[in-house]
Amino acid sequence: MGLDSDATEPAPVKILQSPAVRIGLSISIATGLYGVSFGALSVTSGLDFWQTMALSLLLFSGGSQFAFIGVVAGGGSGVAAMGAATLLGMRNGIYGMQINALLQPRGWRRFAAAQLTIDESTATSTGQTDPDEQKRGFWTAGIGVFVLWNLFTALGAMAGGALGDPKQWGLDGAAVAAFLGLLWPRLKGKEPVAIAVVCALATVLAVPFVPPGVPILVAALVAAGIGWFSHGRSDEGLEPDVDPYAEQHAQHHHDPAGDHRGDRRGDRTGDDA
Amino acid sequence: MNLWIWLLLSCLLAYAWKLLGYLVPASLLRNPRMSRIAGTMTIGLLASLTVVNAVASGQSLVLDARLGALAAAGIALWFRAPFLVVVIAGAAAAAGLRLLGWD
């Protein structure tokens, strides 16, 4: 991982001084805790403990996991659940291209990196300018989120049954808030807001007429149509779900050469944390 | 048992997306139309998921405590609350409204 490329000191001290590692760790904790909500919601959606764990261990992509159990909870079929989860996981492919270009992992690391390619690890990595920091950020956030997310998923899944009706604890409200929270950072400018409104409307209109889960696919088609015909920024909507820099750097400026997220965010080096 | 099949297929497809990114030449990412569609689709999916989770119940539209969660989350986000606080606000609003007898 090139952790000691410029190190004269023993690694452990240096690692915690790395901004990318610090951001990676804090984002791991924030996201990992949220796994409780997923675990509890999943078992009350009708999945059993091991199905819940399989999603967190193997699928490992928050949005897709919630989409899957959301469709099941709404009475949708397994195919519809798979369709929604798979469509939502598409952006991880885009992230994979970016991380591949930045880190160029070889051998088994490429396959491990692929599994850890999610919003958080990509955001932490592409927020850095130094190649070593990009590597540290990706692996710290990737491994950190993976471990904590699965730990707290298990906790939530076990507690979920004991909690009784999760509605009493507002866990269905937590899911609503989480999706709005994931959507929010992407709503910069008029076009993203318009897309969100149009797709929300399409969803509401579709709900009474098609099986559960399908309204989400209808919205996805509408959104794809808008993307095909529009002339917006090419990186529209590809913001990370959780932006570790959002608080410290409220105003972020565009890199003139930036035609994708990695470049555009490159000016925000980890001088904080 | 049937659900297991779709679940494991979903996991396989999710990994396939991720791995595909590492196998595809980077030049495809520079196709502005493809990356734009990926972007608008992400917005559309998340907007749709928000709405479905807020007002859909099977094939009917229901206005219940989840709407309070949506509002609370919106307010929290407006005041730039961290992600975790937003989620907690949503849960607290829904739980609180139910405690008050709505839904």
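Predicted model: local features only at pLDDT ≥ 70, side-chain atom pairs only at ≥ 80, totals over all residues.
Student: What makes Phe60(A) count as buried?

Tutor: Phe60(A) has 25 C-beta neighbours inside 10 Å. The cut-off for a buried residue is 20 or more, so Phe60(A) counts as buried. Phe60(A) is found in the loop between α4 (49–59) and α5 (62–73) of chain A.

Student: What is the phi of Phe60(A)?

Tutor: The phi of Phe60(A) is positive, at about 40 degrees, although the residue is not a glycine. Arg80(B) also has a positive phi in a residue other than glycine, near 60 degrees. Arg80(B) lies in the loop between α3 (65–78) and α4 (83–99) of chain B.

Student: Is Arg80(B) buried or exposed, and how do you know?

Tutor: Arg80(B) has 12 C-beta neighbours inside 10 Å. A residue with 12 or fewer is exposed, so Arg80(B) counts as exposed.

Student: Why is Gln104(A) called partly exposed?

Tutor: Gln104(A) has 13 other C-beta atoms within 10 Å. Exposed requires 12 or fewer and buried requires 20 or more; Gln104(A) is therefore partly exposed. Gln104(A) is found in the loop between α7 and α8 (108–115) of chain A.

Student: How far apart are Gln104(A) and Lys135(A) in sequence and in space?

Tutor: Gln104(A) and Lys135(A) are separated by 31 residues in sequence and by 9.7 Å in space, C-alpha to C-alpha. For chain A overall, among contacts with a separation of 6 or more, 72% are between residues 24 or more positions apart.

Student: How many helices and strands does chain A have?

Tutor: Chain A has 14 helices and zero strands. Of the 273 residues in chain A, 58% are buried.

Student: Which residues meet where α7(A) and α2(B) are in contact?

Tutor: From α7(A), Met90(A), Arg91(A) and Ile94(A) meet Ser35(B), Ala38(B), Met41(B) and Thr42(B) of α2(B). By class, this contact has four nonpolar, two polar and one charged residues.

Student: How many residues of chain A are in contact with chain B, and which helix of chain A gives the most?

Tutor: In chain A, 87 residues are in contact with 70 residues of chain B. Helix α11 (residues 171–183) gives the most to that side of chain A, with 13 residues. The side of chain A that touches chain B has 53 nonpolar, 27 polar and seven charged residues.

Student: Which members of the largest nonpolar core touch the most other members?

Tutor: Of its 110 residues, Ala84(A), Ala177(A), Leu183(A), Ala223(A), Leu45(B) and Ala73(B) touch the most other members. Helix α2 (residues 32–55) of chain B gives the most to this core, with twelve residues. In soluble globular proteins, nonpolar side chains tend to be buried together.

Student: What is Ala73(B) in contact with, leaving aside its neighbours within four places in sequence?

Tutor: In chain A, Ala73(B) is in contact with Val176(A), Ala177(A), Leu180(A) and Gly181(A). In chain B, the contacts of Ala73(B) beyond those sequence neighbours are Val86(B), Ala89(B) and Gly90(B).

Notes:
Residues numbered from 1 in each chain as written. Chains lettered and ligands numbered in written order. Contact = placed C-beta atoms within 7 Å. Helix = DSSP H or I, 4+ residues; strand = E, 2+ residues; numbered from the N terminus. Nonpolar A, V, L, I, M, F, W, Y, C, P; charged D, E, K, R; others polar. Core = buried A, V, L, I, M, F, W, Y, C linked by C-beta atoms within 7 Å.
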